[in-house]
Amino acid sequence: MSIRNASERDSQTVRIWIIDPDKADEAEINNTAMIPSVYFRYLTKRLFVGGEFAVIELSSFPQAIQSNFTNQGFWEALLLGDHKYHHLHIISQSVSFHGKSVASSQHVFYGTSPEKPYGDKEVSLRLPTGSPMSIVWGACTPYRALLLSDKGTFMTKNAFLTYEEMKVDPGELLMPDEGYYVVSDAVLLGNGSVFHIGDALFWRDNEDGILRRNPTKLIDEGVKGLSFRTHCADDYPLPEFELATVLAWTDHELYKGGKNLDWTTNSSYMSNILSLPKTATILNAAFGSHPASLSALVMYTGSVQLYLLTSYENEGIWRNRTLWSRNVLQGPFQMLFVSAALETLLVWNKDTMLYSFHNDIEWRYLQIMDSSSISQEANGSHIHHVVMDHSRNMLVKMENNVLFFCKFGMNKLFRLPTWNDPGRSVVLYLNQKEQIIMLTMLDGGLHVQKYPLQMEIRSAMRGEVHDCPFIGFTHNMNRPVYYVDKGEGIELWAQIVNHEGKNINVTLSRNKDHVLHITERTHFESVHHLDTTNKTFYIYQDAGYRDITNNSDLLWNSSDIVSLELVPTQVDNSCNLPKEQISHFFVGCPPNRHIRVIKPQSVPCEMHTFHNYTIPGFVLSNSSKDLLVFYDWKSFGCVLRIHYKDEFRPDIKLYDGETFVRSVDANFIVWENFNRKDYYFNATMRQVACLHEAQTWKSMLVDEKRPEEAWGPHNYRSCFVDNSEKLGNLDQPYEIMNRSSTNYISFSEEYTAIYVFNVKIVDPNYSFCDLRAVFAIQTYGISVVDQLFLHYKFLIPFLITLIILCFIFYRYTSIFRDMLQKKCV
């Protein structure tokens with residue numbers, strides 16, 4: 001498979017074909033081949049004839065992308081968006097050929113450029129001598145990572161397929177005596193890197209590589225720690241609100257920063273979100289289990305008790321709770337929140353690990369099989385760092401390179417086989433494919449190798465039986481993010497099979513009860529000492545609508561994120577089963593959702609018949625002069641040609657991107673883009689049975705408001721509800737339409753015309769999205785002869801009258817002249 005720039009702007013083309021790894025060449029194995037070899041072209045064609053197909057699923061895009069098969073022996077699919085990085089999942093059909101079938105696969109493609117060559121003035125960035133290596137990566141671009149070591153900082157743009165040392169230009173800063181800058185931590189942003197040097201934060205831009213220090217942009221003194229979000233905030237959209245990517249703290253203050261830093265502006269990058277009294281000290285901070293939450297670990301003066309302050313970014317309210325009420329751990333501390341419906345926290349110091357479930361309802365220590373401490377099992381070594389993938393496989397790496405494993409939710413750690421000598425400098429990196437990469441610093445440079453986690457797990461746990469065994473757990477909740485609009489729902493199912501008498505069930509936990517409603521159905525079977533539980537969950541949103549029956553105000557109309565966790569549990573709650581699925585439900589406007597006005601089958605659509613047209617001044621609502629208009633084909637699209645006698649009502653469809661969702665049956669309004677007033681609504685308020693005077697454009701366009709802002713879901717009021725208002729004038733045109741109404745638009749019968757309409761959904765209960773579209777209409781059917789006839793019909797009587805008057809005048813002057821010429825008697 002290969003990816004290349006397509007001729008169409010902001011798109012890329014993917015080529016897909018089938019290979020046998022045992023017979024493929026290096027280019028095909030590494031995804032750098034442009035066309036298939038002869039054998040694989042033949043193999044792909046044969047499987048295509050047998051019914052094979054390829055469907056692409058992007059981790060950043062919720063919909064599947066279909067591919068087309070070409071005569072060259074491969075499929076092609078078009079990916080919209082100009083991305084430097086693509087993570088593809090290719091789903092195949094179950095087709096067999098000579099006893100072999102095609103496996104679904106995932107592929108990653110990079111479009112990165114190398115760093116500019118360094119000169120003599122650039123210097124290294126290093127950890128203090130003897131420090132163990134550490135690694136940071138981009139939250140939305142995990143293939144980009146920084147490896148910090150006491151030999152230098154190394155940058156990769158392709159998950160360590162290649163790497164190079166990152167250096168900085170001191171710029172206006174003083175050159176350090178060591179000849180390099182000593183860093184303690186770093187964060188990788190989209191357009192640069194933030195380094196923790198001494199007690200301040202410094203910035204290195206990707207473009208110029210200059211190291212900068214500025215108290216307006218970054219914290220200039222007293223910095224105690226720095227952390228970053230490990231899950232991409234772009235996956236959790238909140239309208240007009242950007243979730244933070246970076247946290248930094250001093251002893252008494254906590255700050256947050258976004259995914260990019262613009263050094264050219266005067267605004268600050270980091271904003272203060274928490275200020276504590278001098279009696280409280282911040283020990284650590286991290287992003288929480290919920291995408292919008294973050295927490296600070298705090299200890300108060302004179303107390304040995306630890307407290308956790310937690311807040312949702314979009315709320316700004318801090319909540320204080322006790323971390324642990326028994327034996328208190330001694331710092332320094334590290335902490336990691338596990339993605340879950342309810343806050344799930346992992347805290348550790350050098351020797352001990354502690355974790356909590358369900359908003360700190362349960363606390364447990366992680367212990368070794370024989371109940372000895374982690375440090376004792378590792379020959380007195382201390383915890384170096386912890387890595388956890390999305391499946392909650394957790395690796396605990398000790399400073400002497402001893403590895404422990406557990407599935408988060410189990411309380412036992414299993415020691416894995418040793419891979420490196422105790423004296424080597426090793427760090428673990430989780431790439432974008434959820435693969436563990438082991439990075440080892442050797443005298444000859446950095447050694448990169450994949451760590452076979454599953455094989456090592458099976459070896460270490462051989463013969464072990466988990467406390468809560470089950471045979472199978474399957475479900476269809478497999479997306480990281482689901483989108484739920486107003487009135488919509490999603491149905492999910494789950495099945496668990498276990499031995500008879502184990503009393504294992506499936507539960508769906510959530511963190512916000514007021515946003516989503518969940519109904520469930522359960523079907524239970526027991527056959528041959530095996531219990532099977534099937535559950536169906538229907539998740540829907542109907543809270544916070546405006547009640548259009550009494551025109552009450554909106555109760556809840558803001559977007560929110562709800563975390564749902566699907567987990568097998570034992571009925572008596574004696575343990576947590578180590579296999580779970582977490583998804584986030586975004587309640588709000590789904591991305592790429594929009595409406596279109598669909599052309600009726602009987603209506604032709606014409607393109608490029610003109611570019612300019614004139615609107616007569618006497619049909620404009622705000623001018624007495626003719627208006628010359630340039631028709632923007634790119635924005636307005638083709639023109640629908642409507643006979644001037646036809647009744648027209650827009651047929652509106654709702655789409656997600658290019659995927660049809662449903663026909664729109666909600667109330668909508670239209671207005672002409674250039675203020676024409678020569679179109680009409682056929683029905684009056686009385687004819688549609690309004691109980692009082694309805695809203696009209698005349699009543700809504702007050703205070704010189706623009707049509708786009710004057711009328712919409714935020715201020716829509718129904719006229720079909722008796723709200724004790726006075727009746728008003730019901731003989732006015734009713735200017736609101738919907739799919740099933742009898743109201744329609746009619747056009748001028750005196751002349752052909754072009755209308756550019758805006759349409760907007762005004763029903764407040766229909767969608768969180770601002771749904772509007774533009775369409776154009778050109779009337780026809782009024783012949784030029786008919787228009788001339790009308791002119792002649794008025795002109796001929798006028799000419800006859802004028803001739804008669806001229807004749808009468810002539811006769812009068814003749815008679816008067818004759819009378820003057822006669823002599824008086």
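A: W75 is buried, at 3% relative accessibility, where buried means under 20% relative accessible area, exposed over 50% and partly exposed in between (1.4 Å probe, protein chains only). This is a predicted model, where local features need pLDDT of at least 70, side-chain atom pairs count only at pLDDT 80 or more, and totals for chains, interfaces and linings use all residues. Residues are numbered from 1 along each chain as its sequence is written, and side-chain values use heavy atoms, with hydrogens and water left out.

Q: And F48, buried or partly exposed?
A: F48 is partly exposed, with 36% relative accessibility.

Q: How many aromatic pairs are there?
A: The structure has 31 of them. Rings of Phe, Tyr and Trp (its six-membered ring) pair if their centres lie within 6.5 Å; planes under 30 degrees apart are stacked, over 60 edge-to-face, and the rest tilted.

Q: What kind of pair do F48 and W75 make?
A: Edge-to-face, because the planes are at 75 degrees, with the ring centres 6.3 Å apart. F48 is in helix α2 and W75 in strand β6 (residues 75-80), so the pair ties together parts 27 residues apart in sequence. Helices (H or I, at least four residues) and strands (E, at least two) are DSSP runs numbered from the N terminus.

Q: What about Y679 and Y755?
A: Their centres are 6.3 Å apart and the planes are at 85 degrees, so that pair is edge-to-face. Y679 is in strand β57 (residues 679-681) and Y755 in strand β59 (residues 754-761), 76 residues apart. Y679 is buried at 13%, and Y755 is buried at 0%.

Q: Which cluster are they in?
A: Ring pairs link Y679 and Y755 with F648, F681, F747, F757 and F775.

Q: Which charge sits over the ring of Y180?
A: The charged end of R126, 4.4 Å from the ring centre. The test is NZ of Lys or CZ of Arg within 6 Å of the ring centre and within 35 degrees of the ring normal. K512 lies over the face of Y312, 4.7 Å from the ring centre.
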